[in-house]
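Subject: Handover of a structure, with notes on its contents

Dear colleague,

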Amino acid sequence: MYDVKSRKADEFISHEEILDTLAYADEHKDDLDLCRRILDKARANLHPSVEHGAVISHREASVLLACEDPQINKEIKELAHKIKQAYYGNRIVLFAPLYLSNYCVNGCLYCPYHAKNREIPRRKLTQEEIRAEVIALQDMGHKRLAIEAGEDPKHNPIEYILESMGTIYSIKHRNGAIRRVNVNIAATTVDEYRMLKDAEIGTYILFQETYNRKGYEELHPTGPKSDYCWHTEAMDRAMEGGIDDVGLGVLFGLQGYRYEFAGLIMHAEHLEAVFGVGPHTISVPRVKPAMDIDPEAFDNGIPDEIFEKIIALIRLTVPYTGMIISTRESQEVREHALQYGVSQISGGSRTSVGGYNQPERPHDTEQFDVSDQRTLDEVISWLMDNDHIPSFCTACYRAGRTGDRFMEFCKSGQILNYCHPNALMTLSEYLVDYATPSTRKKGLLLVKRELEKIPNERTRLLTSQHVDEIMSGTGNDFRF
Ligand code: SAM
């Protein structure tokens with residue numbers, strides 16, 4: 001039975017509720033009056049406020065997803081763009097993944113790290129190797145990482161992850177620093193989540209892969225990850241362990257997208273109902289080719305048009321949740337995704353263990369083929385050409401604005417008063433320390449122009465002063 005507040009996976013992601021939702025969506029997808037009413041409800045979220053308009057439900061969002069009317073679909077994207085501007089402005093936060101180890105005991109059919117893959121060279125970084133990777137990432141200009149590891153109690157125990165986080169935070173190379181470490185590791189216990197919290201985790205990220213239990217069990221035939229409930233209830237345990245920023249995601253292409261979308265929104269509703277705080281981020285990966293993996297083997301691939309619509313609908317449904325797109329996607333797809341709701345992207349990524357320290361992009365231990373192979377500097381320059389402000393900000397979590405405090409901050413529109421100056425100051429750090437001359441020139445003009453837009457006079461003067469200090473090398477790491 002469906003119960004949004006239940007702590008049991010089968011009840012908060014009820015299969016029957018998803019089937020009823022899809023049937024309801026099919027029945028009403030041509031009811032354009034209803035679609036318009038749902039859009040109007042979502043429009044109430046345009047002006048962020050604590051008393052924000054009722055967010056649309058998984059049922060309502062599913063009706064919009066099923067609707068094929070071109071005009072409605074156009075309005076969905078337009079509204080998503082406006083909501084994104086209202087909550088996030090034109091800032092885009094940058095991060096990079098750091099692969100620590102590809103040892104894995106699971107049997108995930110879509111992942112090249114699966115235990116039966118005997119071809120892939122297995123590697124696990126030593127703390128010394130992590131140092132070298134982090135220095136390479138700092139020298140690119142990164143300040144925020146997502147660490148990734150396979151599940152292997154012998155090779156990658158929690159102690160290894162914690163030690164690695166300590167190493168990463170401790171490295172200060174030139175003006176570089178990693179100020180936020182997000183962690184993408186397998187589902188674990190409340191005690192281990194507590195340890196991650198104590199080690200100053202940013203966001204705990206765990207992709208559900210698929211919300212369809214039957215499909216999940218087929219795709220995860222062996223290993224601890226094969227336990228659907230253990231995996232699906234992980235975010236509840238993470239929250240219990242004190243991690244209040246959690247990141248959801250579906251690996252699109254494995255199962256039917258309409259089912260996944262309803263499940264994803266129900267998961268967000270569940271976290272909000274039980275803990276008073278929804279997911280901090282939602283990621284939207286699609287299955288990619290990789291060693292021993294042919295995406296054609298999964299017959300649920302989604303075309304770009306539907307992918308973009310899903311992104312737009314996530315933006316309408318959970319306006320305050322950050323949305324992440326990785327280098328799995330091409331420049332063109334990322335360009336569109338940024339318009340409809342994505343707020344964080346990776347840049348200059350290497351998805352192989354030890355990849356940042358090699359002159360050429362290595363392919364042997366790669367987790368998936370990288371579509372967007374541009375350097376971080378090229379990504380920064382492209383973002384600015386497209387009227388975005390690249391941001392390396394990590395202020396919220398360092399100022400304790402996590403979980404419900406972040407959500408209140410976000411829902412009350414404060415994001416605009418703090419994030420804009422923080423973006424300009426961290427971009428200035430990038431420009432002075434790491435940018436190529438042409439990117440620096442473009443960036444300096446942008447910073448000058450955008451400083452004028454800070455409404456509060458005191459904040460504007462202070463930000464301007466800090467930018468001068470950063471540019472002259474007399475100070476850095478300022479934040480509001
Ligand atoms: N091992 C951890 C776990 O089990 O959740 C997480 C780390 S894994 C390195 C990160 C994510 O990569 C997985 O959750 C999965 O969604 C994604 N992934 C795996 N194989 C992929 C593929 N062939 N294409 C695209 N993404 C893939």
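A search of the whole structure finds zero disulfides, a disulfide being a pair of cysteine sulfur atoms within 2.5 Å. Cys 35 is accordingly in no disulfide, and the nearest cysteine sulfur, which belongs to Cys 67, is 4.0 Å away. With 0% relative accessibility, Cys 35 counts as buried, a word that here stands for under 20% relative accessible area, as against exposed for over 50% and partly exposed for values in between, with a 1.4 Å probe and protein chains only. Cys 396 is likewise in no disulfide, the nearest cysteine sulfur being that of Cys 419 at 5.3 Å, and Cys 396 counts as buried at 14% relative accessibility.

Before going further, please note that this is a predicted model, in which local features need pLDDT of at least 70 and side-chain atom pairs count only at pLDDT 80 or more, while totals for chains, interfaces and linings use all residues. Residues are numbered from 1 along each chain as its sequence is written, and side-chain values use heavy atoms, with hydrogens and water left out.

Turning to the rings, the search of the whole structure finds five aromatic pairs; rings of Phe, Tyr and Trp (its six-membered ring) pair if their centres lie within 6.5 Å, and planes under 30 degrees apart count as stacked, over 60 as edge-to-face and the rest as tilted. One of the pairs is Tyr 99 with Tyr 113, whose ring centres are 6.4 Å apart and whose planes stand at 85 degrees, so the pair is edge-to-face. Both Tyr 99 and Tyr 113 are buried. Another pair, Tyr 430 with Tyr 434, has its centres 6.2 Å apart and its planes at 35 degrees, so this pair is tilted. Tyr 430 is buried at 2% relative accessibility, and Tyr 434 is buried with a relative accessible area of 16%. Ring pairs also join Phe 392 to Tyr 430 and Tyr 434 in a cluster.

Finally, there is Tyr 397, which is buried with a relative accessible area of 13%. Its contacts (heavy atoms within 4.5 Å) include Tyr 169, Arg 179 and Glu 200, when residues up to four places away in sequence are not counted. The C-alpha atoms of Tyr 397 and Asp 387, ten residues apart along the chain, are separated by 26 Å.
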